[in-house]
Each structure stands twice: as C-alpha cells, then as structure tokens.
Protein chains: 2
Amino acid sequence: MPMKILITSGGTTEAIDSVRAITNHSTGKLGKEIATTFLKNGHQVTLVTTKNAVKPTKHQNLTIHIVSDVASLKRKLEKLVPIHDVCIHSIAVSDYTPVYMTDISELKNTSNPETLLTKQNTESKISSQSEYQVLFLKKTPKIIQLIKKWNPSIILFGFKLLVDVSKDELIHVARVNLRKNHADYILANDLNHISKDKHKAYLVNQTEVYEANSKNEIAMLIYEKVTKDE
Amino acid sequence: MPMKILITSGGTTEAIDSVRAITNHSTGKLGKEIATTFLKNGHQVTLVTTKNAVKPTKHQNLTIHIVSDVASLKRKLEKLVPIHDVCIHSIAVSDYTPVYMTDISELKNTSNPETLLTKQNTESKISSQSEYQVLFLKKTPKIIQLIKKWNPSIILFGFKLLVDVSKDELIHVARVNLRKNHADYILANDLNHISKDKHKAYLVNQTEVYEANSKNEIAMLIYEKVTKDE
C-alpha cells in the first residue's frame, strides 16, 4: 500500500539583514536520493527543501515545497507532519538566528553585554565602517522535537552530522538524539566521510546499528526500515 | 577589435565553521546578462562567479572561474585583472569574515571583549548549547580598491547596492565610491527597485548619470560605455 512520505532536504538560511544571511551547507543530494527511491516504489513523496538544494526530477507522486529560514520550515511542517506516515528529516537546520549586529565599540561601551540582546538593527543593510563587528545570535526552536508532538504515530528519521569523530562517538550521539527527539531512527554521519562518491553513515535505533557507504545505500536502508515497519 | 572583458558575479561566502557560513545574496543574473551582451558582440569574456549564481550558456569565447570567499576572489582577480581591458565588478563581496564564535557567558566573563578577537575556534563544528552566542567578525580587504593597483589602465565598473534610499542619496554614494575606488563608472542600485522584471539603476561617472530600468538596459548601457571609450 502506498505510504505518504515527508522528506526535508537542503539547508535553512537565517537573514542578518536584507543582503546577508547565515546559511547551513547542504546540497540536498541525499534527500533527492531518498525521494527518488520512494517514488520508484510507488509511494507519495512530499519534499520540503530550500532554494539552492538539488531537486528530484518531476514526478506525478512528488510535491515540492520551498522554505527558507527555520520559522518558514516550522510553519510548513506543522501543516504537513499530521498528514504523513513517515518523516525523513534530513534538512540542515540553522541552530542560531541573528538578533543584533553592532560595532565592537558599542560592545566595549556596554557594561552588561546581555542588554544588547534586546536591541534590533533598524537599517535594512547594516553599514560597515568599523574594523570589527559583533553579531549576537539566539537559538532557534528544535524542529525535530516538535514532529512527534504534531503526529505521535509518524515514523521519524532524524539526521545527525558531526565532524571528525570516532564511530563510537557518532553512535553514542545518535542514541542520545534518538531519545531526546523521540525519533525512531537517527542517521548519523561525519562530514569527513562524505565525498562525491562516498557517504558513510550509521542508521541507529534503540537496539541496532546499520551501516551504509553511499547515498544510494542510505536511501535503500531507510526504505527497507520504513517498509519493514509497515 | 575584440576586447578582453572580466566580469565578476554572484556573492561570496565566508565560513563560520565546516557547516555554517555567512553569504551575500546575489543571483548572478545581472552578471550573466552583461556577459551575454559582450559575447554576442564578439568579445572575450572571463566570468569569475560563485557556485550558486546563474551562469551564461557555454560559449567558445567564455571562460568561467568559480570562487567562494573573499580570499579566493582576491587570489583569482590578482591573476586575471592584469590581462584584461575591462573589469565589471558586480559580485556581492562579503564585507566581514568570521573570527571567533562563543557563548554569551564567555563574553560576560571577559572584561575587555577585544581579547576575544585574537581567539579561534578549534572545533570543526561549533557546538550549540547556550541560548545565545556571539560571533566576532573582521572587515575583509576591499577588493575593488586593488583592481587599479593591479592594472592602472583597466576600465573599471564598480557596483553599489543600497536599500531604500532616495535617487540623490544613491548618486551621491556612487560618486563617493567612484573616487574612493578609482573606478571609471559606478552602477548604483536600490534593492527595493529590483524585482523579477525590473531593475532600476544609475550608471554614474565623474560628470554624467545614465539611467536604466532592466537588467538588459543595464547591460546595454555598460556595453555602450565600454565600446565608446575604446
């Protein structure tokens, strides 16, 4: 029976002002591979992705939604999560969003830097005269922790990207993430082991660890787990 | 006689760590339009652009170089500027680059915030526990001010993007820029007057102001000035 699969891919962008932003690198290639695998097997795919991410080719069972920042991702997923069976949440979500940018001199003249956290830039394009600037950032809401609240019966795949850690550390962090985010699986990977032709990853649940060595193998692994749990 | 035209387009990106970066929005559409206009008229075009920018279709007289941050742009232009007749510098260049990112608590426990400017993040992916973080940024070198030093006889077109200012202010800032950067022309535009079909801009030199209302008109205007000065 065809399932309704919600996939997020790409990376969010948080505006500093009207011309600058903080982005999270993410090509969208893995999300594309996963989407293609489910489409090939007759499932309905909704892809929530970002402007610069690579997208799957058009397909009658594929719907694409474009989001930009964490706020727009949250609004979109709040609507889509309740009407899907599975959520494969591979988008790189910005963990901080800009609050206020100023010259280092304003910071030096402030006894308590926390008072600057309540300030806002009024100019559309923050001007750039001084040698150093300071950008204050605030944590964004953890979207993955909302998914099971929006739909307790959805099968949730979270993703955790680390950089230059051991396999043990990767699996340990994945297990912590699994519990914290009420995910059914976490796909843990290390940026140092991702290249054009290779993508090493571990798919972790409460008891098992499955290994994949390419984007295609990752997509196949996720596909197997979803259809096995069906 | 065919001229050698160097065009920069897109927007640079400055890494915060291995997964996050500060980007400058710029589609590359205007650079593409300008490149296409010169190619159509038999000139040699070298386009220095960024990964996500739109590019002209392949052409035997077109060479494309991809750069990422200001440092890579500088290295590339230092080689290319001396061997071109004209430089049309439309790329959006990051004016600041990340130095150090930390929790607000480290800032609160530091009597002189300038001491943090000499610090560096040692982790590949900066971790994200605290509610607020602070990112210190340093001014990047002004690439446009180096172009006439690298090649005093090059015809230099600079670009100035402002947001929500009057025509007088736009032209005033363009004239200041013209002198400061030793440019022959500045193309001044306002983000609020750029949309899908419209692109209002003023091409300013020491004595004249020329107006354009679309990317094609901007490209034609620049083309006329270059070939008139030939």
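Predicted model: local features only at pLDDT ≥ 70, side-chain atom pairs only at ≥ 80, totals over all residues.

Visitor: Where does A:Thr122 lie in chain A?

Guide: Helices (H or I, at least four residues) and strands (E, at least two) are DSSP runs, numbered from the N terminus. A:Thr122 belongs to the loop between helix 3 (104-108) and strand 8 (132-139) of chain A. Its C-alpha atom is separated by 35 Å from that of A:Leu161, 39 residues apart along the chain.

Visitor: How many helices and strands does chain A have?

Guide: Chain A has six helices and 12 strands. Of its 230 residues, 53% are buried. The C-alpha atoms fill a box of roughly 65 × 40 × 35 Å, taken along the principal axes.

Visitor: Which domain does UniProt place in chain A?

Guide: An unreviewed UniProt entry places "domain: DNA/pantothenate metabolism flavoprotein C-terminal" at residues 4-109 and 119-227 of chain A. UniProt positions are given in the numbering used here, feature names are shortened, and annotations may be inferred rather than shown by experiment. Over residues 4-109, chain A is 26% helix and 36% strand.

Visitor: At what angle do helix 1 and helix 6 of chain A pack?

Guide: Axes are lines fitted to C-alpha atoms, for helices over the stretch in contact, and angles run from 0 to 180 degrees between N-to-C directions. Helix 1 (residues 29-40) and helix 6 (residues 215-228) of chain A pack at about 45 degrees, with their axes 9 Å apart. These two helices of chain A are therefore oblique to each other; angles under 35 degrees count as roughly parallel, over 145 as roughly antiparallel, 65 to 115 as roughly perpendicular and the rest as oblique.

Visitor: Which residues of helix 1 in chain A meet helix 6 of chain A?

Guide: Contact means heavy atoms within 4.5 Å. In helix 1 of chain A, the residues that meet helix 6 of chain A include A:Leu30, A:Ile34 and A:Phe38, and those met in helix 6 include A:Ile218, A:Ile222 and A:Val226.

Visitor: Is B:Asp190 buried or exposed?

Guide: B:Asp190 is buried, with a relative accessible area of 2%, and it lies in strand 10 (residues 185-194) of chain B. Among the residues that B:Asp190 touches, not counting residues up to four places away in sequence, are B:Leu161, B:Asp164 and B:Lys200. The C-alpha atoms of B:Asp190 and B:Leu161, 29 residues apart along the chain, are separated by 5.6 Å.

Visitor: What is phi of B:Asp164?

Guide: Phi of B:Asp164 is near 60 degrees, a positive value in a residue other than glycine. B:Asp164 is in the loop between strand 9 (155-162) and helix 5 (167-180) of chain B, and is exposed at a relative accessible area of 56%. In chain A, A:His182 is not a glycine but has a positive phi of about 55 degrees. A:His182 is found in the loop between helix 5 (167-180) and strand 10 (185-194) of chain A.

How values were computed. Residues numbered from 1 in each chain as written. Chains lettered and ligands numbered in written order. Heavy atoms only, no water. Buried < 20%, exposed > 50% of the residue type's maximum accessible area, 1.4 Å probe, protein only.
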